[in-house]
Amino acid sequence: MQFIQGSNRNQTYFATLNGQVAADNAVRLMDAFVDKLDLQQLGFTKTMHKSEGRPPFAPAVLLKLYLYGYLNKIRSSRKLEKECTRNIELQWLLQNLQPNYHTIADFRKLHAVPLQSMFRLYVHFLGDSGLLGNKTIAIDGSKFKAVNSKKNNYNQKKIDKHRQFIEDKTNKYLQELDEIDQQESTTAGDELQLKKEKITQGLIKLKERSIKYDLIQEQLNNTDDKQISTTDCDSRSILITKSIVEVAYNTQNAVDDKHNLIVHTQATNTNDGKALHNTAMQAKINLQLQKEDELMILADKGYHTGAELQQCQQENMITHVAYKEQPSVKHIANEFLAESFHYDKVTDIYVCPAGATLTSLGTWHHKKGEANETSYRFKTYRTDARKTCPLKNQCTKLPKRIIQRSEYQDAVDINDTNIKKNPAYYKRRQAIAEHPFGTIKRHFGYTHTLLKGLQKVNGEMNLIMFCYNFMRTKNILGFEKMLEQIQKWQPNYNKVVCAIQKAIIKVVYRLIKPVVFLYDYLSLFLKAPLMKRYTFGAIPF
């Protein structure tokens with residue numbers, strides 16, 4: 001029987017690397033894009049050549065290697081090193097260079113911020129290519145496991161449990177030692193001596209563990225959080241679904257609705273309730289929109305926080321965040337729930353469905369937000385009409401009907417009205433925001449991060465989302481058109497650098513503002529200023 005025969009392994013043949021890579025291979029797009037960038041302006045400067053020693057690899061070589069790796073489900077630096085020796089596409093892309101795993105790993109760790117800048121620059125490329133709608137974005141978060149086991153994440157309850165175990169075990173050992181001492185007074189033997197030595201070693205280990213938990217307790221006391229992680233200090237224990245908890249990072253994505261392309265990504269270690277305004281603002285900056293430009297925001301009910309909604313609306317964003325339905329109360333009929341009462345903003349009163357008026361003394365009270373969120377202020381509205389109301393049994397069992405109104409209730413009402421008027425518009429959120437996470441976790445298999453520390457994790461997340469955008473751009477435009485767009489594109493690095501500088505100034509401003517205002521107050525009080533007073537409130541943000 002005849003079979004297809006292979007080539008002779010000793011046969012000599014002539015070929016070039018270029019001839020072995022197809023003309024429409026995606027590596028040619030990666031090569032063209034990276035060659036188009038000025039990596040020095042983006043901040044890839046950690047591999048600069050020194051006056052002595054062996055020359056380093058160019059940043060472009062290692063960046064191309066990582067882009068190829070992440071696009072082809074290869075993230076490990078050791079695996080990337082192996083691929084350089086056997087993968088014909090990488091040999092073409094890197095011109096047969098073969099960096100070792102340590103050099104590869106260091107490049108990713110040292111260039112976390114430049115990787116974020118590259119992602120922002122690519123969003124500008126998407127805008128210049130006409131792939132962004134700039135009208136509607138959907139925001140969603142997804143958890144990526146950190147390099148920190150649940151065993152190495154501690155809260156006060158867990159520390160107390162370990163300390164109690166050490167105390168109980170120590171008492172048990174001491175009791176056994178007393179028993180051995182009593183037995184030694186009557187009998188002697190090597191067996192008792194060996195047992196005594198074993199218990200002594202156990203006590204030494206317990207003492208070491210006790211010192212360990214004392215140090216962890218000290219760290220916990222010195223932080224504002226209610227938990228600490230000992231392997232990756234920035235990671236936090238986060239609720240994934242229902243009762244499933246993982247030590248992870250919560251990555252926030254803002255996705256444009258035109259082609260489901262990501263316009264902003266950021267890894268955080270907090271819940272969704274505090275992320276809406278920051279994510280939306282960064283997306284608006286990346287889209288190069290002005291403050292007066294309208295932007296539709298779609299998000300699920302995890303982002304429904306009054307303060308966040310108000311801040312977004314003040315920035316000319318139309319929020320469509322799923323509202324949290326009021327929990328039903330057995331003895332209160334649906335028509336007598338707080339949301340059924342009419343509020344008159346002019347007179348600052350509530351009117352119940354039966355026509356009674358609820359008034360307030362005008363006093364603001366403070367209340368802790370849900371899930372350890374920032375506290376907020378509220379007013380209390382009361383009425384005595386229940387005493388004579390024929391519908392009192394359907395309203396409340398208390399002597400007075402009481403309603404609390406948050407200082408952010410106006411923003412909440414605006415948002416909830418938007419949802420009720422456009423339910424079909426909000427339903428688009430799931431198809432827009434969850435599509436990228438589904439592709440990244442199911443297709444690529446990226447469910448965890450390989451790096452430690454919030455800044456480094458942010459660098460890797462921006463690299464992952466960049467690769468998602470890159471792959472999707474190729475699928476939308478096709479090889480030829482995408483290559484043409486890359487070749488004619490003129491990157492504007494000033495916009496990226498200005499956005500980074502503006503974000504840094506905002507952070508610094510928020511940190512020093514209380515100190516400056518305190519100094520100004522003391523200067524006025526003492527009437528003896530020691531330095532020139534600066535009006536930080538005039539800084540336009």
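I began with Asn 260, which, neighbours within four places in sequence set aside, is in contact (heavy atoms within 4.5 Å) with Val 255, Ala 431, Ile 432, His 435, Pro 436, Tyr 468 and Arg 472. The model is predicted: local features need pLDDT of at least 70, side-chain atom pairs count only at pLDDT 80 or more, and totals for chains, interfaces and linings use all residues. Residues are numbered from 1 along each chain as its sequence is written, and side-chain values use heavy atoms, with hydrogens and water left out.

I placed Asn 260 in the loop between β5 and β6; helices (H or I, at least four residues) and strands (E, at least two) are DSSP runs, numbered from the N terminus. Asn 260 counts as buried because its relative accessibility is 13%, buried being under 20% relative accessible area with a 1.4 Å probe, protein chains only.

I turned next to α15, residues 428-443. I noted a bend of about 40 degrees at Glu 434, with Pro 436 following within four residues; the bend is the angle between axes fitted to the seven residues ending there and the seven starting there. The buried residues of α15 include Ile 432 and Pro 436, and among the elements that cover its buried residues are β5, β6 and α16. Just after α15, I found Gly 445 with a positive phi of about 80 degrees.

Last, I examined α16 (residues 454-477) against α17 (residues 479-488): they pack at about 115 degrees with axes 6 Å apart. Axes are lines fitted to C-alpha atoms over the stretch in contact, and angles run from 0 to 180 degrees between N-to-C directions. Phe 470, Thr 473, Lys 474 and Leu 477 in α16 meet Phe 479, Lys 481, Met 482 and Gln 485 in α17.

How values were computed. Expected span 1.5 Å × (residues − 1). Buried < 20%, exposed > 50% of the residue type's maximum accessible area, 1.4 Å probe, protein only.
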